Amino acid sequence: MKEENQHFVPRSFLRNFCVSGKEELFRSTFIPYRNIWYKPQLKHVNQICYGPDLYNLHESMAKAHGVEKDHIERFAFWYRSEERRVGK
């Protein structure tokens with residue numbers, strides 16, 4: 001199974017903060033030791049709040065329960081399939 005980027009903040013939620021009717025928003029980073037913010041950058045919702053295989057089960061856990069490693073990703077996020085079905 002190839003590595004997949006999985007959002008820890010759903011894209012459907014991030015879209016509520018987008019600008020100009022597009023799937024883009026501004027992202028900035030705070031640097032505590034310098035007490036400054038980086039200049040905001042325009043990013044697509046696909047480019048933020050994700051990590052590799054966040055929801056994959058450990059191989060031993062998946063085997064013990066008789067499911068695939070990506071079981072959570074495939075079955076826990078029902079709203080994603082609904083979004084695709086209605087074209088949002």
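## Report on a predicted single-chain model

N35 lies in the loop between strand 3 (30-31) and strand 4, where strands (E, at least two residues) and helices (H or I, at least four residues) are DSSP runs numbered from the N terminus. Although N35 is not a glycine, its phi is positive, at about 55 degrees. N35 is also exposed, with a relative accessible area of 60%; here exposed means over 50% relative accessible area, buried means under 20%, and partly exposed covers the values in between (1.4 Å probe, protein chains only).

The model is predicted, and for this reason local features need a pLDDT of at least 70 and side-chain atom pairs count only at pLDDT 80 or more, whereas totals for chains, interfaces and linings use all residues. Residues are numbered from 1 along each chain as its sequence is written, and side-chain values use heavy atoms, with hydrogens and water left out.

The pLDDT, which is the predictor's confidence in each residue on a scale from 0 to 100, has a mean of 79 over the chain, and 85% of the residues reach 70 or more. Confidence is highest in strand 4 (residues 36-37), at a mean of 92, and lowest in helix 4 (residues 78-86), at a mean of 56. Where pLDDT is low, the predicted coordinates should not be read in detail.

The secondary structure of the chain comes to four helices and six strands, and from the N terminus on these elements run β-α-β-β-β-β-β-α-α-α. Of the 88 residues in the chain, 17% are buried. The chain exposes about 7200 Å², of which carbon and sulfur atoms supply 53%; these accessible areas come from the Shrake-Rupley method with a 1.4 Å probe, and for residues only the protein chains shown count as cover. Among contacts (heavy atoms within 4.5 Å) between residues at least 6 apart in sequence, 46% join residues at least 24 apart.

W37 lies in strand 4, and at 58% relative accessibility it counts as exposed. Leaving aside residues up to four places away in sequence, W37 touches S28, T29 and F30. Rings of Phe, Tyr and Trp (its six-membered ring) pair if their centres lie within 6.5 Å, with planes under 30 degrees apart counted as stacked, over 60 as edge-to-face and the rest as tilted; by this rule the count comes to two aromatic pairs. One of them is formed by F30 and W37, whose arrangement is tilted, with 5.1 Å from centre to centre and 55 degrees between the planes. F30 counts as partly exposed, at 34% relative accessibility.

The structure holds one salt bridge, defined as a side-chain nitrogen of Lys or Arg within 4 Å of a carboxyl oxygen of Asp or Glu. E23 forms this bridge with R15, and their closest N and O atoms are 2.8 Å apart.

K69 is found in the loop between helix 2 (59-65) and helix 3 (71-75), and its C-alpha atom is separated by 4.8 Å from that of L57, a residue twelve places apart from K69 along the chain. D53 has its place in the loop between strand 6 (50-52) and helix 2. Although D53 and E4 are 49 residues apart in sequence, they are 5.4 Å apart in space, C-alpha to C-alpha. Not counting residues up to four places away in sequence, D53 touches K2, E3, E4 and Q6.

| Residue | Relative accessible area | Class |
|---|---|---|
| E23 | 29% | partly exposed |
| R15 | 27% | partly exposed |
| K69 | 32% | partly exposed |
| D53 | 23% | partly exposed |
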